[in-house]
Amino acid sequence: MENTDTVVALATPAGESAIALIRVTGPLCNQIARSVFDLAKSPTPRRACHGSYRDISGEVLDDVVYTLFNGPKSYTGEDVLEVSCHGNPLIATRLLEDMLARGCRQSEPGEFTRRAFLNGRMDLTQAEAVMELIQARSDRAIRVANNQLRGNFGRQLVQLKTRLLTTVATVEAYIDFPEEDLPPEQKKKEIEAIRSVLAYCSRIIDSGKYAAFLRDGVKTLILGEPNAGKSSLLNCLLGFERAIVSDEPGTTRDFIRERVILEGHCLQLMDTAGLREAASGIERQGIRKTVELSEEADLFLLVLDGSLPAPVLPDEVSEQLNAENCIVVQNKSDLGDLRPLPSELSELQRVSMCALSGEGLDTLKTTIVAMIDAHLAQDQDDLILVNARHSAALKELASCLESAIGKFEEGEPAEFVASELRGAVDAIGCVLGRIDTEDMLDVLFSSFCIGK
């Protein structure tokens with residue numbers, strides 16, 4: 001697909017800053033550079049130059065640094081002009097207006113990356129990784145998004161596609177010879193090849209929960225009875241006074257949500273209303289919300305007043321807690337010996353601390369990080385930020401592969417098996433954003449001497 005228009009956009013956030021970046025892509029880039037900077041010939045590609053930006057009437061708007069990137073060696077695969085001006089919003093607006101007067105069009109959201117995809121500079125997984133990288137909330141999310149942006153996920157899918165195409169080519173070769181069937185050893189080999197692709201697909205689908213950890217942060221629910229120290233713990237973890245701390249029970253009636261980074265992990269902390277049976281009115285609504293949040297939480301910090309017996313938790317909450325997702329925080333260690341935990345909580349990890357003074361906070365942080373790392377047992381470099389589109393296509397891929405294996409094992413005709421395998425190849429193409437049936441033909445004719 002060829003783009004015949006030239007688009008322009010402000011590539012840096014709106015507002016005052018040291019520098020603002022204006023980005024242009026399309027066939028007019030060379031002409032604009034020569035006209036704006038009064039050049040006899042196009043500037044040297046990929047070299048930053050200093051110049052006075054003159055508008056279409058000849059007025060100098062600003063001293064800028066500009067760089068021309070000739071396609072296809074550019075972000076979009078087209079000619080690209082980047083102009084860095086002073087970060088006064090008025091100056092940036094004047095430059096944008098001048099670009100529009102010179103024949104540019106205001107770009108649509110994501111249009112630069114869309115052009116990069118359409119021009120073959122990246123596949124869809126890389127294009128989606130651009131936004132994942134921009135929105136990453138932790139060091140680990142940045143690392144995974146960077147791997148995806150470099151094409152790690154796409155390359156793995158291309159390898160799987162190539163392996164499937166080889167199997168398709170083998171099966172297709174027997175469609176024209178119905179009197180022959182795949183030798184048993186060949187059939188076994190192809191089934192094993194399909195199973196290996198299916199195993200990879202299933203692992204990526206299962207990694208969706210890890211992607212949620214990285215994309216949205218680990219949803220960490222702080223719960224317990226009133227006055228156990230939940231709000232104090234929230235403030236302690238955040239390092240500033242976010243929640244009101246009071247001796248009066250029921251101070252927190254709605255939940256508070258804040259984010260904090262612990263050793264590269266993003267935690268989405270949720271401080272909730274204290275759980276107690278005597279609550280009424282708006283406090284009871286807050287407790288009901290706590291129960292609802294417990295159903296979507298990834299990690300629980302059960303805060304207990306260490307000087308008092310442990311409370312009886314609502315069944316809807318206690319059913320969610322286990323040794324892999326819950327840490328018991330026995331607070332108020334400064335008041336003396338801590339009460340032993342009841343049998344139903346004895347298997348949970350326990351940390352004693354004083355939320356007011358911060359004593360025991362480092363131990364709690366270490367325990368939280370270790371629990372999250374246990375969930376992220378996969379090699380960090382292999383994690384994929386699976387989105388809804390990926391998930392739907394991968395599930396279709398898995399379904400086609402399972403069906404192909406079943407038809408293989410039941411001895412159904414080769415064309416039925418090949419049909420399922422073609423569906424699997426198309427599903428991979430959907431993830432990558434490209435479906436090319438010529439790929440299968442290339443493999444077919446290079447692997448077999450049909451008609452010879």
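## The pair Glu-108 and Arg-114

Glu-108 is partly exposed in this predicted model, its relative accessible area being 40%. Its salt-bridge partner is Arg-114, with an N to O distance of 3.4 Å between the two side chains. Arg-114 is likewise partly exposed, at a relative accessible area of 41%.

## A pair within helix H3

Arg-115 and Glu-111 form another salt bridge, in which the closest N and O atoms are 3.3 Å apart. Both residues belong to helix H3, which covers residues 111-118. Because they are 4 residues apart in that helix, about one helical turn separates them. Arg-115 and Glu-111 are both buried.

## A pair between helices H7 and H13

The side chains of Glu-409 and Arg-195 also meet in a salt bridge, at 2.7 Å from N to O. Glu-409 lies in helix H13 (residues 388-409), whereas Arg-195 lies in helix H7 (residues 184-206), so this pair ties together parts that are 214 residues apart in sequence. Glu-409 is exposed, with a relative accessible area of 52%, while Arg-195 is partly exposed, with a value of 36%.

## Network and total

Shared partners link several salt bridges into one network, which joins Asp-5, Glu-78, Arg-105, Glu-108, Glu-111, Arg-114 and Arg-115. The structure holds 16 salt bridges. In general, side chains of opposite charge can pair when their charged atoms come close.

Definitions and conventions: Residues are numbered from 1 along each chain as its sequence is written. This is a predicted model: local features need pLDDT of at least 70, side-chain atom pairs count only at pLDDT 80 or more; totals for chains, interfaces and linings use all residues. Side-chain values use heavy atoms; hydrogens and water are left out. A salt bridge is a side-chain nitrogen of Lys or Arg within 4 Å of a carboxyl oxygen of Asp or Glu. Buried means under 20% relative accessible area, exposed over 50%, partly exposed in between (1.4 Å probe, protein chains only). Helices (H or I, at least four residues) and strands (E, at least two) are DSSP runs, numbered from the N terminus.
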